[in-house]
Amino acid sequence: MNSLDFSIVLQAWPYLWSGLLFSLSLTAAAFLVGMFLGTLFALVQHFELRVLSQLVRSYVALMRSIPLILVLFWFFFLVPIVLGHLSGNGRPVPVGATYTAFITFGLFEAAYYSEIIRVGLRAVNKGQFEACQALALSTFDTYRHVILPQVFRVASPIILSQTIILFQDTSLVYVLSLTDLLGAASKLAQLHGRLVEMYLAVAVVYLIISCAASQFVASLRKKYAIAGARR
Amino acid sequence: MQQRRTVSPTDPFPMVIVERLVKRFGSFNALSGVSLKVAKGEKIVLCGPSGSGKSTLIRCINHIEKHDSGRIVVDGIELTDRIRDINNIRSEVGMVFQSFNLFPHLSVLENCMLAPMKVRGLAEPEAHERAVALLRKVRIHDQAHKYPTQLSGGQQQRVAIARALCMQPKIMLFDEPTSALDPEMVKEVLETIVELAQDGMTMVCVTHEMGFAREVADRVVFMDLGSIVEEGDPSTFFRAPNTDRAKAFLNRIIH
C-alpha cells in the first residue's frame, strides 16, 4: 500500500473548488426558497386556513416521507412529461439537471423548515399576541415585527442543523450527473487511485464549513442572547 | 381631598359604555349581563374573588376577548366585529397586563416605538422622542437600551405602562398590574399608576391593592360570579360594604 500523498489534492483543487461552489450555491438557494416557502406553509397552518392548510399538511407529510433522492429522480423524469402533456404536443419538455436540483431542493427543504417554524409559532407565549392586539398592531405587523423574529431566534439552532444536513445532502445531485464537492472528489479519487487522500481532504472541507456555520449562528445567538432568553 | 369624578346618569358622553355584557367560556358564564359606564377622567378599581369576571370584563373592552352579547361603546365608537372598529378602539385603549408581555427581542426603546410607528404612522425621530419622554415619566429612561429580561419585574411593568402610553390612549386598562411582582416592587409600579391618575387619565384597574384603591379610585366596583354586586366610593365601600359577599371578600383579603 502506498503512503499517503496529498499533492493530488492540491492539483485537483480547481475542480474541487467548482464542486464546492455548486454545493454552496445550491445550499444557499434551497435555504432561501425553503425558508420563504416554509414560513408561508407554517403560517397557513397556524392560521388554520381551511382548504389551504389541509393541502399544506399533505404536502409536508408527502415530502417528509419520501427520500430526497427519489424526489430528485421523479422531478427529473416526470416533470418534463407532465410539462409535455400540458403544452399539448405530448413531447417531454426537459427541465435540465441544474434547474431540477435547485427547484427540488427548495421545495423539499420547505417541508422541513415549515415543521420547524410551525412548532416555533406554537411556542410563542399567548401574551405576546395579546400585547400586539392591545397595541392595535395589524396581523401583518404582529407577525413581521414581533412573532416571527422570536420564532427565528428560538428555532435558529434547529434551523442550522437542518441547513447543515441540507449542505451535506447536496451530494445527492450525483444522480442527476451534476458535480458537487463530494462528486468532484470521488471522480478524481477513482481517476488517480487516491481514494483515502481525496475523501480525507473532502471530509476536512465539510468539517470546516459546518463548524464555521455553527460558530456563525452561535455568535448571532450571543448577540441576541438576551432576546430569546426567557419570557 | 381630590374631587371625585364619577359618571352621572345624565352624562351624554361617557368614555366607556358597557351594557348587558355576556361572555361565556363553554358552559361557564364569565360575565352574565354586566353594565358599567366610565366617565372621562374617572378612575375605577375593579375587585372581586378570582373567577368573578373582572379581568374578562376589561379584556372585552378592547376585544381581546370577544363578547357573546351586549354592547360596548368606547369614546363613541361601537365595538362590532368590523376590524376597523376593533382597531380604532384598540388604538385609543391602553392595556397593561399582569405578566407585562413586553417584546423580549426588542430593546425597551423599541418596545415603546413599534406601535406608534406602525399604527399611528409616526416617523422614527418623533416616535423616539415620545418614547424617551414617557420612559422618563416612568423613571426608566436610563435603561432604554436594555432588553426586557435585563430588568426587574417592577421595571418591566413600568416599561409596559410607558409602551401603552406611547399610543396616547384615552383610557388605560390595568389587569392586575402588580400581582406578578415581588412585594418590594409593587410600590414603584403603584406610584407610577397614581401619578398617571393625577394627570387625569381615565382608568379601569383590576387590583387587590386596597390602599391604592383608597388613594386613587373614584369608584370601587365589586364583582362576583360574573356580575357587579356592589359599587360605591372607596371610603364607604371599604368601611361599610352593603352586601355580605363584599364583606366576606374584604375579610379574606385583609386578613
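## Close-up views of a predicted two-chain model

**View 1. The contacts of Asp5(A) in the predicted model.** Leaving out residues up to four places away in sequence, Asp5(A) touches Arg194(A) and Glu197(A). The model shown here and in the views that follow is a predicted one. Asp5(A) sits in the segment that comes before α1 (7-11) of chain A, and although Asp5(A) and Glu197(A) are 192 residues apart along the chain, their C-alpha atoms are separated by 6.8 Å.

**View 2. Chain A as a helical chain.** The secondary structure of chain A consists of 10 helices and 0 strands, so that reading along the sequence gives the pattern α-α-α-α-α-α-α-α-α-α. Taken along the principal axes, the box filled by the C-alpha atoms of chain A is roughly 70 × 55 × 25 Å. Of the 231 residues in chain A, 45% are buried. When contacts in chain A between residues at least 6 apart in sequence are considered, 78% of them join residues at least 24 apart. An unreviewed UniProt entry gives the annotation "domain: ABC transmembrane type-1" for residues 20-217 of chain A, and over residues 20-217 the chain is 83% helix and 0% strand, with the end C-alpha atoms 21 Å apart.

**View 3. The second largest pocket, lined by residues of chains A and B.** The second largest pocket holds about 420 Å³ of space, and among the 15 residues that line it, those closest to its centre are Gln133(A), Leu137(A), Ser138(A), Thr139(A) and Arg90(B). At least two lining residues come from each of α6 (126-134) and α7 (139-169) of chain A and α2 (83-92) of chain B. Which helix gives the most to the lining of the second largest pocket? That helix is α2(B), with 4 residues. By residue type, the lining of this pocket divides into 7 nonpolar, 7 polar and 1 charged.

**View 4. An open sheet of 4 strands in chain B.** The strands of this open sheet follow the order β2-β1-β4-β5 (chain B), and their pairing is antiparallel. Its edge strands are β2 (28-38) and β5 (77-78) of chain B, each of which pairs on one side only. Strand β1 (residues 16-25) of chain B runs antiparallel to β2(B) and is joined to it by 8 bridges; within this pairing, Phe25(B) has Phe28(B) in β2(B) as its bridge partner. Over residues 16-250 the chain is 39% helix and 26% strand, and the end C-alpha atoms lie 27 Å apart.

View 5. β6(B) pairs in the parallel sense with strand β7 (residues 171-175) of chain B over 4 bridges, and the bridge partner of Met95(B) in β7(B) is Leu173(B). How many of the 5 residues of β7(B) are buried? The count is 5 of 5: Ile171(B), Leu173(B) and Asp175(B) point one way from the strand, whereas Met172(B) and Phe174(B) point the other way, and all are buried. β7(B) also pairs with strand β8 (residues 202-206) of chain B, again in the parallel sense, over 5 bridges, and here Phe174(B) has Cys205(B) in β8(B) as its bridge partner.

View 6. Asn111(B) belongs to helix α3 (residues 108-118) of chain B. With a relative accessibility of 1%, Asn111(B) counts as buried, because the cut-off for buried is under 20%. When its neighbours within four places in sequence are set aside, Asn111(B) is in contact with Leu102(B), Phe103(B), Leu106(B), Pro148(B) and Arg163(B).

Definitions and conventions. Residues are numbered from 1 along each chain as its sequence is written. Chains are lettered from A and ligands numbered from 1 in the order in which they are written. This is a predicted model: local features need pLDDT of at least 70, side-chain atom pairs count only at pLDDT 80 or more; totals for chains, interfaces and linings use all residues. Side-chain values use heavy atoms; hydrogens and water are left out. Two strands pair if DSSP finds at least two bridges between them. On a 1 Å grid over the protein atoms alone, a cavity is a set of points where a 1.4 Å probe fits but cannot get out, and a pocket is an open set with protein on both sides within 12 Å along at least five of seven lines; lining residues have an atom within 4 Å of a point. Grid points are joined across faces, edges and corners, and a volume is the space filled by probe spheres set on the points. Ala, Val, Leu, Ile, Met, Phe, Trp, Tyr, Cys and Pro count as nonpolar, Asp, Glu, Lys and Arg as charged, and the others, Gly among them, as polar. Buried means under 20% relative accessible area, exposed over 50%, partly exposed in between (1.4 Å probe, protein chains only). Contact means heavy atoms within 4.5 Å. UniProt positions are given in the numbering used here, feature names are shortened, and annotations may be inferred rather than shown by experiment.
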